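The exercises below are to be worked with the sequence and the 3D structure at hand. Try each task before reading its solution.

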Amino acid sequence: CRDMSTLTDCQDGDGKIVLLYTSKVVTRNDFIGSGSTGWNREHVWPKSLGGFDTSGPGADLHHIRPSDNRVNSCRSNLKYGEVSGGKEATGGNAASGILGGYYGGSYFEPLDNVKGDVARICLYVYVRWNSSWGADSITDVFQSVDVLLQWCEEDPVDTWEMGRNEVVGAIQGNRNVFIDYPEYAWLIFGREVPADMITPSGEAKS
């Protein structure tokens, strides 16, 4: 997965890597595994809140993202949610001093520009792997369904996210349907799709 990141999370095909949470651009050589500096691989749905397999769901590129080690450590296995009065999660050597979100209490709140990304990734894991990964309920990893849908709406799918979906799809043969059809997020929970929602297909859903 370290080598795959130069394909799945690259910047304009230049072989450099865009880190989740901080959006810092780094190189493959900055990888440090489980050390204390640099970047490592983040299971967006944490292994400790799911399974511990290194194959199947544990190796699914749709929810393995490169992340600054220090921000990853701050996130730990906290659920995603809204944080009030929390601490700043700032990067270490790979993304020195760059803000990657906030954490406090039981939750980690990423920055606004990646909230929809993590929500759609967690939706994918929930639907694709479910009990195989221990993803029995979306609230195992999210504060609530309401927060998840709010993040999906406020941070809609962008071209970078669509491009990553294309690359991962070509590598492992499946796509994240919630990137292609973000409105499905509302439908699977029996909620009404927001009026005039624009999807990657360019069609407004109402």
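**Exercise 1. Surroundings of C10**

Task: Find which residues C10 is in contact with, leaving aside its neighbours within four places in sequence, and decide whether C10 is buried or exposed.

Solution. The model is a predicted one.
- Step 1: Beyond those neighbours, C10 is in contact with S5, G15, K16, V18 and W160.
- Step 2: Place C10 in the chain; C10 sits in the loop between α1 (5–8) and β1 (17–18).
- Step 3: The relative accessibility of C10 is 16%. The cut-off for buried is under 20%, so C10 counts as buried.
- Step 4: As a check on distance, take V26, which is 16 residues from C10 along the chain; the C-alpha atoms of the two are separated by 9.4 Å.

**Exercise 2. Strand β4 and its partner**

Task: Determine how many residues of strand β4 are buried, and in which sense β3 and β4 pair.

Solution. 
- Step 1: Strand β4 covers residues 64–68, and five of the five are buried.
- Step 2: Sort the residues by face. In a regular strand, side chains alternate between the two faces of the sheet. In β4, I64, P66 and D68 lie on one side, with R65 and S67 on the other, and all are buried.
- Step 3: Both faces of β4 are thus covered, and the strand is largely enclosed by the rest of the structure because five of its five residues are buried.
- Step 4: Strand β3 (residues 39–43) pairs with β4 in the antiparallel sense, over five bridges.

**Exercise 3. An open sheet**

Task: Give the strand order of the open sheet of four strands and state which strands stand at the edges.

Solution. 
- Step 1: The order is β5-β8-β7-β6, and the pairing is mixed.
- Step 2: The edge strands are β5 (79–80) and β6 (87–90); each has a single partner strand, so one side of each is left without a neighbour in the sheet.
- Step 3: Look at one pair. β5 and β8 (residues 107–109) run parallel and are joined by two bridges. K79 has Y107 in β8 as its bridge partner.

**Exercise 4. Two residues with positive phi**

Task: For S76 and D196, find the value of phi, then place each residue in the chain.

Solution. 
- Step 1: Most residues other than glycine have a negative phi.
- Step 2: S76 is not a glycine, yet its phi is positive, about 50°. For D196, also a residue other than glycine, phi is near 60°.
- Step 3: S76 belongs to the loop between α2 (69–75) and β5. D196 is in the loop between α7 (184–187) and β9 (197–198).
- Step 4: With a relative accessible area of 43%, S76 is partly exposed. D196 has 56% and is exposed.

**Exercise 5. The whole chain**

Solution. 
- Step 1: Count the elements: seven helices and 10 strands.
- Step 2: Among contacts between residues at least 6 apart in sequence, 62% join residues at least 24 apart.
- Step 3: For charge, there are 18 positive and 28 negative side chains, and the centres of the two sets are 8 Å apart.

Conventions. Residues are numbered from 1 along each chain as its sequence is written. This is a predicted model: local features need pLDDT of at least 70, side-chain atom pairs count only at pLDDT 80 or more; totals for chains, interfaces and linings use all residues. Side-chain values use heavy atoms; hydrogens and water are left out. Two strands pair if DSSP finds at least two bridges between them. Contact means heavy atoms within 4.5 Å. Lys and Arg count as positive and Asp and Glu as negative; His and the chain ends are not counted. The place of a charge is taken as NZ of Lys, CZ of Arg, CG of Asp or CD of Glu. Buried means under 20% relative accessible area, exposed over 50%, partly exposed in between (1.4 Å probe, protein chains only).
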